[in-house]
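Biologist: I'd like to learn how to read strands and helices in a model like this one. Could you walk me through it?

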Amino acid sequence: MRRRATTLLLTLLGVVLAGCGGQDPAGQDGRQLTLAAPRDLVAGPQDPYFTHQTLRVWEPLVTVDDRLRPVPALAVSWAGTEQGRRWTFTLRDGVKFSDGTALTAEAVVANVRRFLRIAPRQSAFFSLDAGMEAAYGKLRDVRAADGKVTFDLDEPVADLPSRLAGFFSMVQSPKAFTSSGDFAGKPVGTGPYTLVAWTKGQQAVLAANPHYHGAAPAYERIVVKVIPDANARVAALRAGEVDGLIDKGALLPGQVAAVAADSRFRVVRSPSVLTHYLTFNASREPFSDARLREAAELAIDRQAIVGTLLAGTARAGAGFLSPVFGDLADPGITARHDPGKARELVAAAGTPARPVSILISSAETGQFPYTDIAEVLRAALDKAGLPAKVTVAEATKSVMEAGDYDIFLSAYSVPNSDADYLFRRFLRSDASWNVERRLGYRSAEFDELVDRAAAQTDPAARRDLYHRVQRLLAADRPMIPLAYQDNPIVTTGKVGGVTQSVAYEVDLGELAPLR
C-alpha cells in the first residue's frame, strides 16, 4: 500500500514538473500540450466554479452551438410544460464524476441548491452577483426523479435551457463542496480533464480523466500558463515554449496578420459573442444629459477603430445584440458618425465643467488594444467639444461603484445563449450593474419589454420584443456597442482538432497531435 502511494505521489509530482522548465512543450512522446492564456482560468476554492469551462474539468447540463442555440451536454433532452412554468431535463446515462461516483439527478439538484445558497457571489468568470433569478427565474422548487431534474417556476420562463447553458448549469460532485459552498479541495467534475495542480497567476496542470464518459482525450496532460502580456505570449509561442494561445484576447488584433503569415502556426478566428461596449455614468453630469450621450456616440468613428486598431478582427457595432444572436439581433439599427452634429449638440447642452473620464481596465489592456482605443475616443470627444482624459485602473469595479468615471470601455458577453442575461443583469432598473455602478438608467418601458420577452414562448413574438428593446436602447444610449469582436487564437501546426465556440471556448478534449 505504501509503495502504491509513493508511486502515485511521484506520478503527480512528474505532472507538475512537466509543466515547468524549458523542455519541448509537447513532450518527447507528444502526450503533453502546453498552452498560454491572458488570464488565470482557475479561480480557486472560493469561486462558484473553481475553473473556467474552457478547461473541461466540469460540464454543464446544456451548452450552445455555433448559432447560440442550446444543445445537449449532461442533459440529453428537455421539455417545457405549463407555458414555461415547468421544465424537465433528462440526464445522460453512464456518466461518472472524476472520483468514480455516478452522476445522478440528485447531484444536479444539489448543485442548483448550492448556487441558490451562495448567490450573490463574485466570480472571476461569470458572476452570480445578480442572484440566481437571472438563471432560473422565480424558482419555486427543483427536484430529482428517475434520472430527470425538474424545475418548477412561479412565473413562465420561455427559454430555460438557453439560460442554463454553460456556467449556470455547472455540475460537480456534491462531495466537492463544503457547507459554505466553497470547494473542499480540487474540483470534481465529469469533463475529459481533471485539475491536478495549480499555481495562482502562473499555470494550471490538467490530467486526463480516466472516468470520462466520452472518447479519451488525446493528451494525457495539458499545462495552461498564464501570460498576461500580449507580446510575451507571442514571444513564448515563437520560442517554442508553448504550443498555442487560447481564451479571450489570446492574440491582439494587431498581432494576427504577422502570426498567421508564419507557416509554423495556424490561426483560428471565429465570430464570438464578445462585444466592446461604452457604458455611460448617467447618474451625474455630463452624461445625465441625453444630448451629450448622443454627441459622444456621433463623435466616434467606429469604422476607423475596427479597421485600424482592431485590424479587421471586428465589425462596427450598432444594435445592442451582436449578429451571433441570429434573428434576435436587430439589423435595422445603424450607427452614424457625424462630428458636426456632435458639436452642435455639445454647443446646445454646454461644455462640461471638467474633462470627461474614460475608464479602462489594466487587465483588459493585455487582451485588447484598449489604451490606443481610449486615446482615439479621447481625441474624438475633444474635437466634439467634450475635453476628455483616460484613466487606467486595476479595480474598475470599485471605481465605478464610487461613481468616479464618465465612460467605461470594456468587453462583455453572455454565459449562455440567452439575451435576457444582458438586459436583465446590466440595464433593468433594478439590475445590480445598473444600480451599483451608477449607470442611472431608469426606463419603465424597457423593464416591461424585457419582462414580456422573458415569458414569451412564441419565437416570432419574442424576436419582435427584443427588436423593440434594442431600438429603445439605441435611442436612450445607456451603453453603446462599439464593435462586435472575433476572437483569434493560434496553435502550432502540430496540434489538430482546434475548434472554438462563439463563447470563445476551445474544446481541450478535442485537441490531438498531428503526426
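Modeller: Let's begin with strand E15 (residues 314–316), which pairs with E19 in the antiparallel sense over three bridges. Within that pairing, Ala 316 stands opposite Ala 483 in E19. A word on the source: this is a predicted model, where local features need pLDDT of at least 70 and side-chain atom pairs count only at pLDDT 80 or more, while totals for chains, interfaces and linings use all residues. Residues are numbered from 1 along each chain as its sequence is written, and side-chain values use heavy atoms, leaving out hydrogens and water.

Biologist: What counts as a strand, and when do two strands pair?

Modeller: Helices (H or I, at least four residues) and strands (E, at least two) are DSSP runs, numbered from the N terminus. Two strands pair if DSSP finds at least two bridges between them.

Biologist: Which strand pairs with E19 over two bridges, and which over 12 bridges?

Modeller: Strand E13 (residues 244–245) has the two bridges, in the antiparallel sense, with Gly 244 opposite Thr 491 in E19. E14 has the 12, and also runs antiparallel to E19; there, Pro 271 faces Asp 486.

Biologist: Is E19 mostly covered or uncovered?

Modeller: Buried means under 20% relative accessible area, exposed over 50%, and partly exposed in between (1.4 Å probe, protein chains only). For E19, 14 of its 14 residues are buried, so the strand is mostly covered.

Biologist: Why is helix H7 described as largely enclosed?

Modeller: Because eight of the 10 residues of H7 (residues 290–299) are buried, the rest of the structure largely encloses this helix. Among the buried ones are Leu 292, Arg 293 and Glu 294. For packing, contact means heavy atoms within 4.5 Å. The buried residues of H7 pack against several elements, including strand E14 (265–280), helix H8 (302–309) and strand E19 (479–492).
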